[in-house]
Amino acid sequence: SLNEEARAWFLKIEQGDPEAMRLFDWFREITLREVARVYDLLDVHFDSYAGESFYNDKMDRVIDELTEKGLLVESQGAKVVDLSDCNMPPCMILKADGATLYATRDIAAALYRKDTYDFAKCLYVVAYQQNLHFAQWFKVIEKMGYEWSKDLVHVAFGMVSLQDGTLSTRHGKVVFLEEVLQKAIEKAAEIMKEKNPDLENADEIARQVGVGAVVFNTLFNARIKDITFSYDRALNFEGETGPYVQYTHARICSVLKKAENVPAAAPDYAKLDDEESQALLSVLAHFGDVVLDAAHEYEPCRIVRYAVEVAQAYNRFYYEHRILSDDAGETAARLAVTRACRGILKNALYLIGVAAPERM
């Protein structure tokens, strides 16, 4: 009976019933206010913010167009697009009671986005459980005659589970991201207070390091891989982690700060013939290819693992050689490599939404 009541209220929202819209707007405002706190922690901002309800008055176009093109057929009172020629179940557009479905709204949104932004690619970052849903309505767009259907991309990712089972909001088995981020920030603040008690702007740097640790950890493995959430792993600051890469960037900034008063000289690149320098240069040379591969495959872990590789190579270089030596040409060459490392690490972290503090 509750399911029936829920369906009835959903239809009221679509029909613009005043009481249904009052309740909907109230819940929406509370929800957006809550998630805004998490977005602020992540330093994520939106140029356009249009939820499902934004498309309520844009679905008639979908239904009219599908009808005109002879694609909408009736099935047990509902309206569907037959996809049997593509070896897929039919894509339901209207329920028997006239209410729309996710597919209807997704098609309306795609048409609006193409008209408004004329996108080169439209990416849908949604768990792989929805593979069939996206395959179905992408095919509907294609059947409607839109050649840009090929530019709709489902960027699927794996599921996150707890050690005792899958996360489920309905069953109360959840780990709140805000809680994870706050714990990571607190841990970063404790470590920095111990190692650098006089650090300026410590609270903001703790946020950057704590949030960076969680984001970096999440993106370290291939996106399609299922992961089991662990606080120990999420809050690990040792080894191949975000804080390790951020600390390397801060170390580089410190080296370059010390070098500000070094007299300018022509770099003697012939002095970079040692094993560590050559290994570092080789890694740096691949940055462009790594970024292109990550973009083409929608795979942020390529950037994450590359950043670790750069940090490791630079630290070997740093420990084995004096950057500021008595040889002006050698010093200029090592500083040039150091500057290149700083730029690449900062850009790599930027591409995955992680800050690059200059001090830690």
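View 1. Lys271 is partly exposed, with a relative accessible area of 29%; partly exposed lies between buried (under 20% relative accessible area) and exposed (over 50%), using a 1.4 Å probe and protein chains only. Asp327 is also partly exposed, at 29% relative accessibility. The two residues form a salt bridge in which the closest N and O atoms are 2.4 Å apart. A salt bridge here is a side-chain nitrogen of Lys or Arg within 4 Å of a carboxyl oxygen of Asp or Glu. Lys271 sits in the loop between H9 and H10 and Asp327 in the loop between H12 and H13, so the pair ties together parts that are 56 residues apart in sequence. Helices are DSSP runs of H or I with at least four residues, numbered from the N terminus.

This is a predicted model, in which local features need pLDDT of at least 70 and side-chain atom pairs count only at pLDDT 80 or more, while totals for chains, interfaces and linings use all residues. Residues are numbered from 1 along each chain as its sequence is written, and side-chain values use heavy atoms, with hydrogens and water left out.

**View 2. Glu19 and Arg22 in helix H2.** A salt bridge joins the side chains of Glu19 and Arg22 (3.0 Å, N to O). The two are three residues apart in helix H2, which means that about one helical turn separates them. Glu19 is partly exposed at 36%, and Arg22 is partly exposed at 48%.

**View 3. Lys150 and Asp151.** These residues form a salt bridge, with the closest N and O atoms 3.4 Å apart. Lys150 is exposed, at 56% relative accessibility, whereas Asp151 is buried, at 12%.

**View 4. A salt-bridge network.** Arg61, Glu65, Lys69 and Asp115 are linked by salt bridges into a network. The structure holds 24 salt bridges.

**View 5. The largest nonpolar core.** This core has 56 residues, and Phe216, Val245, Leu280, Val310 and Tyr314 have the most contacts inside it. A nonpolar core is a set of buried Ala, Val, Leu, Ile, Met, Phe, Trp, Tyr and Cys residues joined through side-chain atoms within 4.5 Å. Helices that each supply at least two residues include H2 (18–42), H9 (242–258) and H13 (328–351). H12 gives the most, with 10 residues.

**View 6. Val245 and its neighbours.** Leaving aside residues up to four places away in sequence, Val245 touches Phe216, Ala307, Val308, Ala311, Leu345 and Leu349. Contact means heavy atoms within 4.5 Å.

**View 7. A second core.** A separate nonpolar core of 31 residues includes Met59, Leu66, Val81 and Ala109.
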